[in-house]
Amino acid sequence: MGSVFGKESVKEPPFEVVLQRNDAKTSYELRKYGERYAATVTYASTGSKDDTSSPFRTLARYIGVFGKAENEGATSIAMTAPVVMEQDGETKKKPESIAMTAPVAMENVGEGQKKMMFMLPAEYDDMSKIPKPTDARVHIEELPAEVGVVHRYNGLYNDEINRQKAKAMGEQLVADGVQGITDEFVAQHFQFWGYNPPFCLPYFRRNEVWLKLNDDQVTYLKEKFPTVGEGGLAGGSLAMKGRTMFSLGVCGLVVGAYAVGFLMRSKSQYRRL
């Protein structure tokens, strides 16, 4: 029920908020992420709203959302004799279910191709710990530590809306004096990050567009605008509680307003009788 109203129950990678531009025409925040790992699928973009269905299901099967996980497991399990050997001579491993995390990221990779990424939980902090996919379309990638800007918005989303949001964020960066930002650069390099299941009400959705910045651009922003304080603000799974309470609070107000309206209408009808 909570997921319908935007409750975020899955973990996300920790990050540091370096600065916030909440008073800008298009608000954004500068975030710093550490090294992460992601399961990825590259697919052809046809422009259809159903583009993402197949890669999403492929990645979901890898982590075991629909039942048995489609991976070789990361830890050998005890077996009775005889020990079963794979063709490559390795001990057979049990498929390992992996917790769902957020965000699900999508980016353009050129030549009509897109890439979808599932961020892996923090405990998978080394390639040797990550279960090997059994589907050749799934690849495991190491994402380096990086700093970039994020614009957050709610409501419905699609490729065009995401591009417009990213374009607006890029224009704000240009207005703020950041060098090297063009519409073409933004269109080619931004990522869309989604945090909610499909059945979440649009108003409560957490959608984000991300754009990685280089060291000079980061330094410029930090020098021009005051930071949020020494060490920045912590983000990620530890910061979800406040957002969840806000979403549930808004939900409570909506339900309360509906209840009051219903009682007032009932009272009016009673008086007419």
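This report describes the cores, ring pairs, strands and backbone details of a predicted model.

Residues are numbered from 1 along each chain as its sequence is written, and side-chain values use heavy atoms, with hydrogens and water left out. Because the model is predicted, local features need pLDDT of at least 70 and side-chain atom pairs count only at pLDDT 80 or more, while totals for chains, interfaces and linings use all residues.

**Helix α1 and the cores**

Helices (H or I, at least four residues) and strands (E, at least two) are DSSP runs, numbered from the N terminus.

A nonpolar core is a set of buried Ala, Val, Leu, Ile, Met, Phe, Trp, Tyr and Cys residues joined through side-chain atoms within 4.5 Å. The largest such core has 39 residues, and those with the most contacts inside it are Leu30, Tyr62, Leu120, Val149, Leu173 and Leu221. A second, separate core of 13 residues includes Phe15, Ala38, Ala102 and Trp193. Returning to leucine 173, and leaving aside its neighbours within four places in sequence, this residue is in contact (heavy atoms within 4.5 Å) with Tyr28, Val149, Val178, Ile181, Leu211, Leu213 and Leu221.

**Aromatic rings**

Rings of Phe, Tyr and Trp (its six-membered ring) pair if their centres lie within 6.5 Å; planes under 30 degrees apart count as stacked, over 60 as edge-to-face and the rest as tilted. By this rule the model has 7 aromatic pairs, and two of them are set out here.

| Pair | Centre to centre | Angle between planes | Kind |
|---|---|---|---|
| Tyrosine 33 and tryptophan 193 | 5.6 Å | 85° | edge-to-face |
| Tryptophan 193 and tryptophan 210 | 5.0 Å | 15° | stacked |

The pair of tryptophan 193 and tryptophan 210 links strand β8 to strand β9 (residues 207–212), 17 residues apart in the chain. Tyrosine 33 in strand β2 (residues 28–33) and tryptophan 193 in strand β8 (residues 191–194) are 160 residues apart. Tryptophan 193 is buried, with a relative accessible area of 1%, and tryptophan 210, at 2%, also counts as buried. Ring pairs link Phe15, Tyr33, Trp193 and Trp210 into a cluster.

A charge sits over a ring if NZ of Lys or CZ of Arg is within 6 Å of the ring centre and within 35 degrees of the ring normal. The charged end of arginine 31 sits in this way over the ring of phenylalanine 15, 4.3 Å from its centre, and that of arginine 206 over the ring of tyrosine 195, 3.6 Å from its centre.

**Strand β9 and its partners**

Strand β9 is largely enclosed by the rest of the structure, because 5 of its 6 residues are buried. Two strands pair if DSSP finds at least two bridges between them. Strand β7 (residues 146–153) pairs with β9 in the antiparallel sense over 6 bridges, and valine 149 has leucine 211 as its bridge partner in β9. Strands β8 and β9 also pair in the antiparallel sense, over 4 bridges, and there the partner of glycine 194 is asparagine 207.

**Backbone details**

Most residues other than glycine have a negative phi, and most peptide bonds are trans. A cis peptide bond, with omega about 0°, joins alanine 102 and proline 103, and proline 103 lies in the loop between α1 and β4 (104–110). Glutamate 111, in the loop between β4 and β5, has a positive phi near 55°, and at 84% relative accessibility glutamate 111 counts as exposed.

Key: Buried means under 20% relative accessible area, exposed over 50%, partly exposed in between (1.4 Å probe, protein chains only).
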